[in-house]
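User: I would like to go through the terms used for this model one at a time, with each value set against its cut-off. Please begin with the term that the neighbour lists rest on.

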Amino acid sequence: MGAELTDEGREIAEMILRRHMILECFFHNVLGMDLESSYEEASRMKHELFGETEAALRRYLRNPSRCPHGIPIP
């Protein structure tokens with residue numbers, strides 16, 4: 001039997017995942033970092049990214065629908 005998240009927990013997990021994917025897009029698409037480096041850097045930064053910065057990145061990236069790996073961004 002696995003663990004279940006509360007509704008609030010799911011919202012937080014989705015926010016963190018979204019921030020990770022947005023950071024990956026920025027590192028890969030804008031800065032030209034390879035996929036592995038983009039993933040690693042996003043993993044380090046996703047918990048520290050402020051909502052305003054996430055929104056600015058989304059605007060700059062023209063609100064991407066998929067990360068560099070092709071996975072839909074929540």
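Analyst: Contact means that heavy atoms lie within 4.5 Å. By that criterion, and leaving aside neighbours within four places in sequence, Arg19 is in contact with Lys46, Leu49, Phe50, Gly51 and Glu54. This is a predicted model, in which local features need pLDDT of at least 70 and side-chain atom pairs count only at pLDDT 80 or more, while totals for chains, interfaces and linings use all residues. Residues are numbered from 1 along each chain as its sequence is written, and side-chain values use heavy atoms, with hydrogens and water left out.

User: What makes a run of residues an element here, and how many helices and strands does the protein have?

Analyst: Helices (H or I, at least four residues) and strands (E, at least two) are DSSP runs, numbered from the N terminus. On that basis the protein has three helices and zero strands, and the order of its elements from the N terminus on is α-α-α. The C-alpha trace spans about 40 × 25 × 20 Å along its principal axes, and among contacts between residues at least 6 apart in sequence, 60% join residues at least 24 apart.

User: Which residues is His28 in contact with, beyond its neighbours within four places in sequence?

Analyst: With those neighbours left aside, His28 is in contact with Met33, Asp34, Leu35, Ser38 and Pro68. His28 and Ser38 are ten residues apart in sequence, and their C-alpha atoms are 5.8 Å apart in space.

User: How do you know that Arg18 and Glu54 meet in a salt bridge?

Analyst: A salt bridge is a side-chain nitrogen of Lys or Arg within 4 Å of a carboxyl oxygen of Asp or Glu. The side chains of Arg18 and Glu54 meet with an N to O distance of 2.5 Å, and the pair is a salt bridge. This pair links distant parts of the chain, with Arg18 in helix H1 and Glu54 in helix H3, 36 residues apart, and both Arg18 and Glu54 are buried. Glu54 also forms a salt bridge with Arg19, where the closest N and O atoms are 2.9 Å apart. Salt bridges that share partners join Arg18, Arg19 and Glu54 into one network. By this rule the count comes to four salt bridges.

User: Which other salt bridge does Arg10 take part in, and how far apart are its N and O atoms?

Analyst: Arg10 and Asp7 form a salt bridge through their side chains at 2.4 Å, N to O. The two are three residues apart in helix H1, which means that about one helical turn separates Arg10 and Asp7. Arg10 has a relative accessible area of 43% and is therefore partly exposed, whereas Asp7, with 53%, is exposed.

User: What makes a pair of atoms a polar contact, and what does the side chain of Arg19 reach?

Analyst: A polar contact is a pair of N or O atoms within 3.5 Å; within protein, one must be able to donate a hydrogen and the other to accept it, and residues adjacent in sequence count only if both atoms are side-chain atoms. The backbone oxygen of Leu49 lies 2.7 Å from a polar atom of the Arg19 side chain, and the side chain of Arg19 makes a polar contact with that of Glu54 at 2.9 Å.

User: Why is the ring pair of Phe26 and Tyr60 called edge-to-face?

Analyst: Rings of Phe, Tyr and Trp (its six-membered ring) pair if their centres lie within 6.5 Å, and planes under 30 degrees apart count as stacked, over 60 as edge-to-face and the rest as tilted. By this rule the count comes to two aromatic pairs. The ring centres of Phe26 and Tyr60 are 6.4 Å apart and their planes stand at 70 degrees, so the pair is edge-to-face. Phe26 belongs to helix H1 (residues 7-30) and Tyr60 to helix H3 (residues 51-60), 34 residues apart. Ring pairs link Phe26, Phe27 and Tyr60 into a cluster.

Key:
Buried < 20%, exposed > 50% of the residue type's maximum accessible area, 1.4 Å probe, protein only.
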